Amino acid sequence: MNPLELTLGIMTAVGGFVDISELVFAAKAGSTFGYALIWVFAVGTIGIVVFSEMSGRVAIAAKQPVFNLMRHRLGIKLGLLTLVASVISNLITCAAEVGGVALILNYLTGAPYLPMAAAMTVVMIVSIWVLPFEWIERVYGLLGLVMLVFAAALVAIHPPWDKIAGGFVPHIPAGLSTKELLTFAYFSVAILSAVMFPYEVYFYSSGGIEEGWAPKDMLKNRITSIVGMGLGSLLAIAILANSAQLFGPVNVDPEIPGTAAMQAAIPFGKWGLILALLGMFFAVSGAAVETCMANAYSIAQFFGWMWGRHKKPWEAPRFTLTWIVLFALALLIVLSGVDVMTLVEFAILFSILVLPLTYLPLLLLAGDKKYMREHVNGPLAKALGWLYFAIITAAALAALPLYFLTSGGNG
Amino acid sequence: MRKSLPLLLLFAVGCSSSGADADLQYIKQARSLGAEWALVNEHSNRGHVPRIYVHSMHRWLRQNLQTAAKSLTRPDSRYGEEIRALLAQPDDAAPNELRAHVAMLKQIEDSLESA
Amino acid sequence: MTPDSPIKLVSELLDLPLLDSEGKYCGIVDDVEFSGDAGKILELKALLVGPGAYERRLPGWAFWLVRKIAGDRLTRVPMDRVRTIGAVVKLECAGRDLGLHRDETRVGKWIPRKGAL
């Protein structure tokens with residue numbers, strides 16, 4: 001195992017962890033409930049680690065991407081249902097990310113929002129066209145590490161570390177009214193959804209095949225999943241904790257994404273804010289690229305088309321056309337005038353509703369000795385996999401009622 | 001139809017609350033937007049944030065406040081007045097002035113939540 | 001497994017990927033064709049590749065959606081062109097000889113061949 005490659009892989013995972021949904025919900029969770037929702041981030045992170053590791057292992061052992069195997073294992077009808085559900089979910093998520101990027105550029109430069117959305121869509125399309133897969137992942141992931149300014153801000157504001165540590169212990173704050181309890185439940189569901197977005201698993205597993213992972217990369221897969229995503233999640237938790245310390249006491253529950261950047265401005269001034277906005281820009285652009293490509297992977301793999309950015313765009317023409325069209329569709333959604341925060345809410349809702357449909361086939365595949373041979377799920381992976389399937393199914397069932405009862409978490 | 005009845009009922013409950021209850025989410029939004037505005041202005045006065053960012057934030061905050069104001073089912077209520085008073089403030093209003101309106105909205109919000 | 005061996009159609013053949021003699025990916029086994037009649041021995045005659053093969057496997061509305069996205073082209077791969085069936089189906093010949101890359105070639109004409117590193 002090449003230590004440099006492993007380090008780069010971990011850093012890419014860290015920089016690529018936070019997207020617009022996590023940013024928004026981490027900030028709101030902190031200002032609304034203090035440190036009480038930290039444990040939900042931790043629970044969600046363990047979940048995404050479990051399923052990412054599984055999806056990477058499936059890609060290595062079966063030498064095929066998840067969607068190919070999903071169709072074979074589940075049949076064409078259930079495979080098509082899963083495809084349609086995940087494409088819709090990922091498309092809305094991609095639109096939220098594209099809108100988020102344009103918004104952040106507006107905060108940074110004052111350039112108008114809608115033209116920036118169009119311009120950035122073109123930039124992202126060009127970047128996928130020009131760069132080989134490894135560079136796409138590395139450029140966006142490593143530049144996203146500028147988000148570390150949020151972690152630095154947390155250290156600089158001298159928070160109550162004992163309370164932050166206490167936030168990792170699963171608990172529900174005492175003395176909440178019924179409405180507040182329901183809102184707490186809604187935030188828990190939303191955080192789980194944001195952390196365990198389906199596109200992450202599809203992109204990760206297809207990326208493993210793009211990079212030519214072999215059985216010798218099993219350990220690399222495990223370490224990248226655990227360490228990369230674990231550290232990435234700490235960034236999201238830093239945003240939550242900053243919000244609890246800086247925003248909660250002054251009645252701020254960030255209603256617009258730009259407010260999150262104030263977390264770095266307060267301790268570090270102008271340059272802190274600029275770094276925060278730059279970090280957000282790269283992280284959210286990276287997420288836009290990932291969601292779009294995850295959708296293109298799923299569609300191409302389901303229909304048996306040539307796919308992959310390890311090929312030149314003209315060597316996989318239908319795949320190329322697919323991700324360009326998907327980006328255009330995401331842009332159209334943004335240009336229709338739907339507010340970014342509304343897109344984030346819908347992305348979260350759709351994602352949690354399709355999560356059980358996304359993860360069940362993966363769980364079945366990873367537990368099937370016929371495909372996985374000696375790399376089949378062990379007792380721990382099996383237990384955690386089924387536990388998380390139960391958790392996300394419960395969350396999926398509760399999502400819509402909680403959304404309506406709490407007006408989308410607004411009480 | 002029978003299978004979707006519980007969901008429809010939940011949806012109806014969510015939509016059909018009385019005026020002040022239905023407006024609670026907009027009161028909260030306006031309260032937070034006012035507080036965000038005050039925070040930005042406070043740090044702008046200290047030179048902690050670039051002018052371009054401040055200008056952008058003012059635009060988006062005001063736009064969202066206007067949306068919240070238009071969404072009220074009881075625009076002539078006490079909270080409707082407070083939101084309009086907030087909107088009437090200049091972009092570079094003093095943070096204390098903005099926070100006075102935020103405090104009023106917070107009071108109204110708390111009393112509605114405890115009712 | 002060779003094409004002459006007994007086979008479980010659903011779990012061991014349908015929806016498997018196809019690789020040609022050059023190792024190139026050629027699509028997925030979307031359906032199968034039998035020879036024979038009622039009362040006679042059924043033998044696998046060909047593999048069917050392409051969204052046109054979904055028509056008998058999907059409800060009408062679902063096939064309509066698939067046709068809008070992926071078209072309804074169908075390519076026959078005679079069983080005598082199949083070398084082995086395992087985790088993937090390996091062919092005796094190049095995919096282009098069977099017309100398996102027609103759609104990619106057709107769409108490829110729209111994609112400029114420049115700019116990628």
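**Reading helices, chains and contacts**

Reply: In chain B, α2(B) passes α3(B) in a left-handed crossing, that is, the near helix is turned anticlockwise from the far one by less than a right angle; clockwise would be right-handed. Helices (H or I, at least four residues) and strands (E, at least two) are DSSP runs, numbered from the N terminus. The model is predicted: local features need pLDDT of at least 70 and side-chain atom pairs 80 or more, while totals for chains, interfaces and linings use all residues. Residues are numbered from 1 along each chain as its sequence is written, and chains are lettered from A in the order in which they are written.

Me: At what angle do the axes of α2(B) and α3(B) cross, and within what distance do they come?

Reply: Two packed helices are described by the angle between their axes and the distance between the axes. Helix α2 of chain B covers residues 19-45 and helix α3 of chain B covers residues 51-71; their axes come within 9 Å and cross at roughly 160°. Therefore α2(B) is roughly antiparallel to α3(B), the word used for angles over 145 degrees. Axes are lines fitted to C-alpha atoms, for helices over the stretch in contact, with angles from 0 to 180 degrees between N-to-C directions.

Me: Which residues of α2(B) meet α3(B)?

Reply: Residues are in contact if their C-beta atoms, placed from the backbone, lie within 7 Å. Tyr26(B), Gln29(B), Ala30(B), Leu33(B), Glu36(B), Trp37(B), Val40(B) and Ser44(B) are the residues of α2(B). Among their partners in α3(B) are Met57(B), Leu61(B) and Leu65(B). By class, this contact has 10 nonpolar, 4 polar and 1 charged residues. Here Ala, Val, Leu, Ile, Met, Phe, Trp, Tyr, Cys and Pro are nonpolar, Asp, Glu, Lys and Arg charged, and the others polar.

Me: How many helices and strands do chain B and chain C have?

Reply: Chain B comes to 5 helices and 0 strands, whereas chain C has 3 helices and 7 strands. From the N terminus on, the elements of chain C run α-β-β-β-β-α-β-β-β-α. The C-alpha trace of chain C spans about 55 × 35 × 20 Å along its principal axes.

Me: What percentage of the residues in chain B and in chain C is buried?

Reply: A residue is buried if 20 or more other C-beta atoms lie within 10 Å of its own. Of the 115 residues of chain B, 37% count as buried; in chain C the share is 29% of 117 residues.

Me: Which residues have the most contacts inside the largest nonpolar core?

Reply: In soluble globular proteins, nonpolar side chains tend to be buried together. A nonpolar core is a set of buried Ala, Val, Leu, Ile, Met, Phe, Trp, Tyr and Cys residues joined through C-beta atoms within 7 Å. The largest core here has 204 residues, and Val98(A), Ile191(A) and Leu240(A) have the most contacts inside it. Its largest share, 22 residues, comes from helix α14 (residues 270-303) of chain A. Beyond four places away in sequence, Ile191(A) touches residues including Phe25(A), Leu37(A) and Phe41(A).

Me: Which pair of chains shares the most contacts?

Reply: Of the 2 pairs of chains in contact, chains A and B share the most contacts. Chain C has 22 residues in contact with 22 residues of chain A. On the side of chain C that touches chain A, α3(C) gives the largest share, 4 residues. No contact joins chain B and chain C, whose closest C-alpha atoms lie 22 Å apart.

Conventions. A residue is buried if 20 or more other C-beta atoms lie within 10 Å of its own, exposed if 12 or fewer, and partly exposed in between; C-beta atoms are placed from the backbone. Angles under 35 degrees count as roughly parallel, over 145 as roughly antiparallel, 65 to 115 as roughly perpendicular and the rest as oblique.
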